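I open the notebook on this entry and set down, in order, what I looked up in the coordinates.

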Amino acid sequence: MQDRKEYQREYHKKWAKENKEKLAKYNKTYWREYYDKNKEVILKKAKKYAQENRELLNKIAREYYKKNKEKSSVRSKTRDAVKKGLLIKKDCRICGNKESEIHHQDYNNYLDIIWLCRKCHLNLHREIRAYSKQTPTK
Ligand SMILES: [Zn+2]
Ligand SMILES: [Zn+2]
């Protein structure tokens with residue numbers, strides 16, 4: 001009885017492994033074939049889209065880059081302030097978890113932050129996103 005169970009378990013493991021590889025291989029070749037067959041159409045479409053929307057794409061890329069650069073410099077200023085003791089690390093403002101991280105309330109002021117744990121932080125950003133969808137600012 002014991003042997004049989006053992007055998008079944010081994011068999012199942014082997015089966016799962018073999019099929020996983022097969023499936024992964026299949027997926028790879030599927031997309032490869034799809035791409036090879038439709039390469040010209042795909043590339044043409046992408047090129048056309050990029051040409052028609054060049055300004056828009058450039059603008060998005062520029063703004064994204066600018067925003068990210070500004071944000072990361074604000075983040076490093078804040079980190080410095082924590083190191084210098086200008087900002088004191090606190091527990092999560094929402095649930096009191098000691099493992100807290102910084103949330104910037106205003107990226108124009110690197111000292112305007114609150115401490116939140118990972119979970120509350122993610123929740124907050126989810127809410128902010130939902131809220132800004134409801135009331136578009138632009
Ligand atoms: Zn929390
Ligand atoms: Zn945040």
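This is a predicted model: local features need pLDDT of at least 70, side-chain atom pairs count only at pLDDT 80 or more; totals for chains, interfaces and linings use all residues.

Residues are numbered from 1 along each chain as its sequence is written, and chains are lettered from A and ligands numbered from 1 in the order in which they are written.

Confidence came next, as pLDDT, the predictor's confidence in each residue from 0 to 100. The protein averages 90, and 96% of the residues score at least 70. I found the lowest mean, 88, in helix α1 (residues 2-52), and the highest, 98, in strand β2 (residues 113-117).

I then listed the elements, taking helices (H or I, at least four residues) and strands (E, at least two) as DSSP runs numbered from the N terminus. There are three helices and two strands, and along the sequence they follow the pattern α-α-β-β-α.

For the overall form, I compared the radius of gyration, taken over C-alpha atoms, with the globule rule of 2.2 Å times the number of residues to the power 0.38. A compact globule of 138 residues would come near 14 Å, but the protein has 26 Å. The C-alpha trace spans about 65 × 60 × 30 Å along its principal axes, and buried residues make up 6% of the 138 residues.

I checked helix lengths against an expected span of 1.5 Å times one less than the number of residues. For the 31 residues of α2 this gives 45 Å, and the end C-alpha atoms are 45 Å apart, which agrees.

Within α2 (residues 54-84) I looked up E63, which counts as exposed because it has 10 C-beta neighbours inside 10 Å. Just after α2, G85 takes a positive phi of about 85°.

Conventions
A residue is buried if 20 or more other C-beta atoms lie within 10 Å of its own, exposed if 12 or fewer, and partly exposed in between; C-beta atoms are placed from the backbone.
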